[in-house]
Amino acid sequence: MGIHLPAPVPAGPAGTRQSRSTYGGILIAGARIMSILDSFIAIDLETSGLEPPGAEILEIGAVRVEHGRIVDRFQTYVKPAGRITDETVRLTGITSDTVRDAPPVDAAIGRFRSFVTDMPLIAHHGRFESRFLDVAGDSPIENSVHSVRELARAALPTLHEHRVETLAEHFSVDSNAPHKALNDAETLAGIYHDLVELLRSVSLQSKQQMLRMLQGSGSGLLPVLVELASEGARKEFLSSKPGGRLPDGTLFNAGGETLQTQGEPSDQPLDVKAVSQMLEPGGSFEDGISGYEYRPQQVEMARAVTEAFNNGRHLAVEAGTGVGKSIAYLAPSILYAVRNNVRFIVSTNTKNLQEQLFFKDLPVLAAILDVPFRYALLKGRNNYICLNRWASVLNNPDASLTPYERIGALPLVLWAETTRTGDITENTGFDAVRQASLWAKICSDPGFCRSQRCRNNGRCFASNIRRTSARAHLVVINHSLLFSDLVTENAILGEFSHLVLDEAHNLEKVAAHYLGKELSIWRVRNITDPLCGPGSSDAGTLPALRHWIATSDPDPATARAFDAGIKAATAAAQDLWLRARTFFDDLSQHFVKHAGRPGSEFREKIRYRPGESTFDALTESLDPFLHALGALCSRLKDLSDWLRDLPGDTFVNQDEICNELGGCIETTQTVLDDLNDLVTANDENAVYWLELPVREKSADTRLFSAPLDVSGMLNGGLYEGKSSIVFTSATLGIRGKLTYFLRRMGLESMPGTRLQTLCLGSPFDYGKQALVCAPRFMPSPKSAEYQQAVAALLHKLMLKTKRGTLALFTSYGMLNRTYDAIKPDLRSNGVLVLGQGIDGSRTNITDRFKLEETAMLLGTDSFWEGIDVPGNALQVLGIVRLPFAVPSEPLVAAHIEELEKQGKDPFLNYSVPEAILKFRQGFGRLIRNKTDRGAVVVMDSRVLSTRYGRAFLEALPVGHHAFNSQEEMIGAIADWFEDTNGTNH
C-alpha cells in the first residue's frame, strides 16, 4: 500500500516521486482557500540526539501538500559541527561520509525556509522538531508546528501506541522515498490525512467538546479542530475506519458465560484423579493446546490444590519456573467454583501476571474446560472514569481544568464516548502519570460516589464491574486491591471464602505498605488543586461553584452568602497550601541539616520512635498546618450544608458539586488524622520514618508508618473465615523448606491438618541450560577496587561473548558509575548499553533490550523480578552483589532489633533468608523456557569465601563452577556457548 495522498502535480525538483495511491473527491472546481486539513508541510528531522544545542540536525525531509495533493518535496543532509557517534549511525543510517558534502545548518535552513514559505508544519512530536528548528539557522522559523502524535492520541485513544511505525501500519501507509527523513515525512503526510478523515466522521458534539477543551490552552491542535468543527461533520465516531473502536463482544474486564441463575453455595469435592488426568498425556489440555507439554510438577501441584479445596485447607506451594503454576491453580479453582457456586479471588503482585491470567490463561481454560464459568478483572475504583465528574468537566472546562489539563484531556473525549469498561489502562493516548491532577478530578472515587442516586448509575463503570465480579466464579485482582479491601472490611470485594495468592513472596511487603500510612506535600496538593487550582488559577470546584450559582439567578441574600462562603473556602484552601509548604520546607531543612546529606542520589531515610521529641522543633509550622486542615474542613462543610438546603434543581451539576465538596471534606479529614498519627507516633507496634528529598532545597520530605509485624493482622483479617487459601510463587522457600515464609506470614503455628506445604522443582534441565560461574578472583565488595573490577568484567565479558546481558545491581550509585565506565567503548563496538534511570522507563528499556541480541542492560531493584525476556535477547546474567537489604532501612532495622530482643541472630534469621529469596528471583530472570540457554556470573566472591555465602549457591537448582582468573572464566563461558550440545565444562 502507498500513502493515502493523490499523486503530485508535475512540478517540483528533479527526482520528485509520484505517490502510489490516490483518493477521489477531494478537489473541487475553481479556486479554493487552503485549509490546514489538506494543505500543509509534513516534516521529519534526523538528529544526533534528543536535545539541542548538544544534538544537531543531520537531515531534513519534507513534503508540500496543497488541497490534498503532494506538489513538492524537499530533502537535504546537514553537515554537523560535531562528530557523528556510532549509536547515531546505528539509529539513523547517517555516517560522516553521508554528510561530507552537505551544507552547514544555516544554508540548509535557508533552503528549507524558502520551501515552506508560510505553510503550517505537520510533525510527529511537534515540540521535538520545534526545539531544533528554533536554534538552527540565523533566526527561528515562525511557522506553526502541529503534532500528529497528539492528534492520534485524541483520535485513536485505544491504539496500543502512537509511534509513526504503528500509525503507518494501522492506516496501511508507506513510502518508497530514497532518504529516511523524506520517507518519514511522506508517511506522516499520509497518516495526518487519515487522521483528519477519521475525525471528520466524529459527531459534531464530540468535535465541539474537543474544541471547547482546547480554547485558550495554546495547543497546536486548536487550528485543526477549528477547521474540523467548521465542516460540521455529524457521522458516528469511527464509522468509516475498522480497528479504531473497541472490539465488540466480551467486555474488556469481564469474560466467560452470560450469568445464569445461581444456586446456593455448597462444598462438594472434586475428583482429584479427574483433575490430574486433564493435564496428563492424552488429557483435554493436550487435545486443546497445540504444542502442549506434559509437566509432572504441574500435575502434582494441581492435585495438591484440588485436595486443599476439597478438605478446606490452606496450601503453601513453591513451584519453580516453568511448572505452569497458573494453570495448576486456575483449573481446580474454576471447577470447584462452578460445582459449588462459590467465588474465588485470585490475587497477583504485578500487572503483567494479572493481565496474563485474564487475557491469556482464562480464555484458554474457557475453551478447554467442559464447564461454563464467569470471570472478571477487577481494579481499584480510581482506575475507572466517573462519567458524572467527566460530564461536569465538559460542561465548563475553563472553570474545572487548567490550560495544561485541558490539553491533556483531549484523548479522553472520544474514548469516554465509546469505552465499555471505563478502565483508563486501555487509553494509551492519555498520560495518567503526567496528568495525575486531571485524572484525580474525573476518576471514580468513593468520596464522590452517590451510588443509586447517580444519574449515570446504569453506566457507572466502577459499579458495573463490581457487580459483575460479585457474580463471577473467579475474580482476578492485585495485592494492593486485596489489602485495600482488608482495610475497608470487604467493602470492595464482598464476601469470599477461597483465595489464591500468586507471587506470594511479595505479600508481606505489600501488606506493610497498605496497613501503614504515608503523607507528603503532594497529598495536600491533591486537595487544594482540585478546589481552586495551583496558585491563583480560576479552575477547580470552587470557581465552578461560583459560575453555576451565578447562572441560577439567585436572590441577593443567597448570592452574597455563597460569594462569602466561596471566598472563605478559597482563602482556606490557599492558606492550607501555604501552611503545608511552610511545614514541609521546615521539615526538609531541619532533617537535611540533621542527616548531612543534601542532594543525595537516594532518599535518605530517618527513623523516629514513639516517645521521641521528633517534631518539637517544628511546632511553629506544624500547628498552623494542623489548624489549616481543620479550617478547610469547616469551610467546606458550611458550603456543603448550604448547597444541600437549596432546591435540587437550582443549577446544573448541583449534585456533582455537592459530591466534590463531600469527597474533599473526607479526604482533608483523612489527611488531618494521618498527620496527627504520624507526628504523635504513639503505636509501639509500628515503625515510623521520614524520607528526605533527593534534590536540594526541595520540600518533598515524606512521612511514613508501617506495622512491624503483619502476621497478626493477616491472621485476624485475611485468613479468618476463609475455607482455603493457596500461597504460591517460584521463590517461597530456601533449600526446599518453607519455614521462613511460614513464619513471616503468621502460618508457622497453624496445625498441619489446616496447612499443607509443597516444594516443586522446575521442569527445566538446568544442568544443560545454565552455567553458573563464581569468580574467586573478584575483590571483596567492600573494597575500593570492587567497582573497577565489576566494570572491567562486564566490559570484557560482553566484548568476548557478544550476547544479550542483564546485570543486576543493588544500588543506583554503582550502576551509574559502571554505566559511565563501560558505555563509550561498548558503544563504539556496536553494543547498545541501557541503564535504568538513565535511558528511559523500565518498560521502555526492557522493550529495547528485547529487540537487540547484543545489548547490555544495567538494572537495579525492580529488575530482580517481574521481567520476562525469553530467547536470545538475554543469555548472560550478571549478579553484581548479594542482594542484602540495607541495615539502616527503617523496617529492616526494626526487624533486626526485634530479633535481637528475642535472642536470635538477625543476620541468619532475617538478612540472609531475605537476600537468598531475592537472589533466587534474580536468577530466575535467565531461563524462561525449555529452549533458553545462558550463563550466570555471580560477581560477589562471598559466595565462595563465607559459609553464609555458600547458602546462596546451594539455593540454586544447578551446581556452580569456580574460576581463579577472569580469562579462565570468560573463556569457559565462550566455549560453553559454542558447545551446541549444551554440556558444561
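The largest nonpolar core has 106 residues, and Tyr192, Trp390 and Phe727 touch the most other members. By nonpolar core I mean a set of buried Ala, Val, Leu, Ile, Met, Phe, Trp, Tyr and Cys residues joined through side-chain atoms within 4.5 Å. Buried is under 20% relative accessible area, exposed is over 50%, and partly exposed is in between, with a 1.4 Å probe and protein chains only. The biggest contribution to this core, 9 residues, comes from helix H6, residues 180-200. Helices (H or I, at least four residues) and strands (E, at least two) are DSSP runs, numbered from the N terminus.

Before going on: this is a predicted model, where local features need pLDDT of at least 70 and side-chain atom pairs count only at pLDDT 80 or more, while totals for chains, interfaces and linings use all residues. Residues are numbered from 1 along each chain as its sequence is written, and side-chain values use heavy atoms, with hydrogens and water left out.

What does phenylalanine 727 contact, leaving aside its neighbours within four places in sequence? Its partners are Leu315, Ala316, Val317, Leu501, Ala504, Leu507, Tyr719, Leu732, Phe741 and Leu747; contact means heavy atoms within 4.5 Å. There is also a second, separate core of 55 residues, with Leu576, Phe584, Tyr608 and Leu632 among them. In soluble globular proteins, nonpolar side chains tend to be buried together.

Next, arginine 343, in the loop between helix H12 (325-340) and strand E8 (344-348). Arginine 343 is buried but has no salt bridge, a salt bridge being a side-chain nitrogen of Lys or Arg within 4 Å of a carboxyl oxygen of Asp or Glu. The nearest side chain of opposite charge belongs to glutamate 495, 8.0 Å away; for charge, Lys and Arg count as positive and Asp and Glu as negative, while His and the chain ends are not counted.

Which backbone oxygens does the side chain of arginine 343 reach? One is that of leucine 493, 2.9 Å from a polar atom of the arginine side chain. Another is the backbone oxygen of glutamate 495, at 2.9 Å. Beyond four places in sequence, arginine 343 touches residues including Ser469, His473, Phe496 and His498.

Now the charged pairs. The structure holds 37 salt bridges. One joins the side chains of lysine 379 and aspartate 423, at 2.9 Å, N to O. Lysine 379 sits in the loop between strand E9 (374-377) and helix H14 (387-395), and aspartate 423 in the loop between helix H17 (410-418) and helix H18 (436-442), so the pair ties together parts that are 44 residues apart in sequence. Both lysine 379 and aspartate 423 are buried.

Aspartate 674 and arginine 523 also form a salt bridge, with their closest N and O atoms 3.0 Å apart. The former lies in helix H26 (residues 654-680) and the latter in helix H22 (residues 521-532), 151 residues apart. Aspartate 674 is buried at 10% relative accessible area, whereas arginine 523, at 24%, is partly exposed.

Then there is aspartate 868 with arginine 928, a salt bridge at 2.8 Å, N to O. This pair ties together two loops, with the residues 60 apart in sequence. Aspartate 868 is partly exposed, at 39%, and arginine 928 is partly exposed, at 25%.

Last, Glu46, Lys180 and Asp184 are linked in a network of salt bridges.

Methods: A polar contact is a pair of N or O atoms within 3.5 Å; within protein, one must be able to donate a hydrogen and the other to accept it, and residues adjacent in sequence count only if both atoms are side-chain atoms.
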